[in-house]
Amino acid sequence: MQWNFYLSGILYGKFYVKDNDIFVEKLDAAKGIWYPKETFTEESDDFFKKLCSRSLLDFFKNKKEYEEKSSEGADEFTASSGETFSNRRNEVYFQRQKKFPKDLFYDEDGIYAVLMSGRDFAAVLVKNGEEDRTILSRWKKAFPEPPAAVNFLGTFFVDTRDGEKLATDVYLPKGEAYKEQKVPSVLIRTPYGKGERPEQYYRFVQRGYAVVIQDTRGREDSTGEWLPNYYEVEDGDDTLNWIADQKWSDGQVSMTGGSYLGYVQWSAAASGNPHLKAILSSVCAGSAFGDLPRRGGCFTSGMLAWAFAMSEKRMRADRMIRDDWDQVLDIRPLETIPQKALGTDIPFLTEWLTHPDKDELWKKSSWKERYQGASVPALILSGWFDDNGMGTTEALDLVKNWPKGTWKTILGPWKHSGNADYDLHHVFMGKDALRYDLDLVCMLWLEHFLKGVENGIEKTPAVEYYTLGQDKWKTAESWPPENGELRRIYLKGEHSRYTYDPDDPATHIIDMSENEIGVPEDYTEEEKRADYLLFTSDVLTEPLTITGDAMAHLFVSCDCPDTDFVFRITDVDENGRSVKLADGVLGAKYRNGFETPEYMEPGRVYEIPIRTTKISNTFLPGHRLRFTLTSSAKNFIFPNSNTKDGFNSEVRQKANIKIHQDGEYRSYVEIVEEK
């Protein structure tokens, strides 16, 4: 029996299974040749793990048991390995409680395909001859030609306008069709090491693009200062010009990547460089005060794991994993955290802390504020629980008035690592939460905007989004969707006052070592704290769907000059379980802008506007919609001291807070209800 392994529609492996023996042939993408058949071992399994983040060897070892279990037709089964699977429409068993799951497609003859999704890729392991029963049929139609080989041209150093050198690796398509031919490029700018899994970008080379992977300034082999976000507009602009000047370049460049690699795309676009023709923006980071590290004017403690990992010139992922994060987050002043927790300084963190308000350092780092020039065709991918989700919100705000067909967004029930989990912190996202076509959509986007291929991608709906509760993908032509209606909900709860003690902060429920700040969680017990206010609807008798972000308008009084406000939207089920869907934060002194703090005076009423993260959720009959308010979120933001020194003070005091609900000052929330 032969099985074939494909990544983004390209055949990378052929497996031959006979009884208990497994042999494999692997594609050498660089040479464009196949290695001779060999026994499939753990070493050869590592080759495929780099491509799809799964063990194919484990699948073959467990295949017989999977087929026995699936033949019983149960709603779910647990394998002897402890893996659990649930049934979807009697077509597939998908793996639960697992990042990078295996989806087992089956029929009466057993399993015929395994589909494996990721942030912006999908891999398929399929019985020979069954390819057309999977997403591969669409790949074959769009790309009937054989893939090119990959030629590593070498490492080059791009000169910046201020004299630094950016280490840059170049890969070109190889073959007769590309001999002496100029090609469009895909640029990846990364602070995590240009040599880290370059294989993930080979698919672009194999489809006829040059791939350019660069260490950002101050990282790995590039010179200069590592100050996150600060230099990326200019360095991106210089790199685009360098690419356009190369003899192998046709002058057209696209970019791809997620998180910081998404941030640098928008920074390059902000420069107005004419060579940038398209971007593939995945879970992009945004401006400091809208996103990280200063969301709402607070200081994001949740990003410390990332800061620790980036404390040396080469990434140290091991520094994110600690069992003493609670103690680390209590260290004051904040400038001393690196030395006390790591035994070394983190210069960029120290620099950030010397800029408490939104000054020129932060403004220079905001690609949205600096954006100039025309629209750049942008494919924008993100999820409801992406901890850089406010970066995508900024992107959607920017593109909403761009010409039709120049932007498209896909928003799923995903965390920052993207299209890779059916369950987030034991909250089930639904049977159809994951997609197998994101890499295909990305490739079609580039084909159209860089090669002029008329594949219709620009005519597809501008917005594709997933509604929790309905377990349904939907489309729209605007964001929020055009069928939404703005609805105002006045806050009315049993209590209107609480006392916030910075020595006893409420908890933002995450695993700090996971480096995922935005995940959904069960806040039922946390909401029993005395420093929480709950505003809960009656039990719903009809479904209520909200899509978009919410805007809270809180009218508050406080006996301290400053404090923070943490606002959440939760879905309360029939059993009283309250699951966080969206949130927003704001430091009170920044209620009128982040440039100049305005402190509160006792006895006065102030309006606090808080914009939340995005969500699409149907509150089902029997459920209740809940808004919650408190003033701290340990693991997410450093507690406000309630003094003028804010989050970085060793002197702390309690704050007594009132939320006004009647008369002239009626606090309310604006949501977008789908009709």
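Analyst: A cavity is a set of grid points where a 1.4 Å probe fits but cannot get out. The model examined here is predicted.

User: How many cavities of 30 Å³ or more does a search of the whole structure find?
Analyst: The search covers the whole structure and takes in cavities of 30 Å³ or more. The largest cavity has a volume of about 120 Å³. The number of cavities found is 5.

User: Which strand gives the most to the lining of the largest cavity?
Analyst: The lining of the largest cavity has 15 residues, and Arg295, Asp387, Gly518, Asp583 and Thr613 are nearest its centre. Strands E18 and E30 (578–587) each supply at least two residues of this lining. With 4 residues, the strand that gives the most is E30.

User: Which element supplies the largest share of the lining of the second largest pocket?
Analyst: The second largest pocket holds about 490 Å³ of space. Two or more of its lining residues come from each of H12, H13, E30 and E31. The largest share, 4 residues, comes from H13.

User: Why is helix H13 described as largely enclosed by the rest of the structure?
Analyst: A residue is buried when its relative accessible area is under 20%. The buried residues of H13 include Met390 and Leu396, and what covers the buried residues includes helix H6 (260–270) and strand E19 (407–415). H13 (residues 389–399) is largely enclosed because, of its 11 residues, the number buried is 10.

Terms used. Residues numbered from 1 in each chain as written. Predicted model: local features only at pLDDT ≥ 70, side-chain atom pairs only at ≥ 80, totals over all residues. Heavy atoms only, no water. Buried < 20%, exposed > 50% of the residue type's maximum accessible area, 1.4 Å probe, protein only. Contact = heavy atoms within 4.5 Å. 1 Å grid on protein atoms, 1.4 Å probe; cavity = no way out; pocket = protein on both sides within 12 Å on 5 of 7 lines; lining within 4 Å. Points joined across faces, edges and corners; volume = space filled by probe spheres on them.
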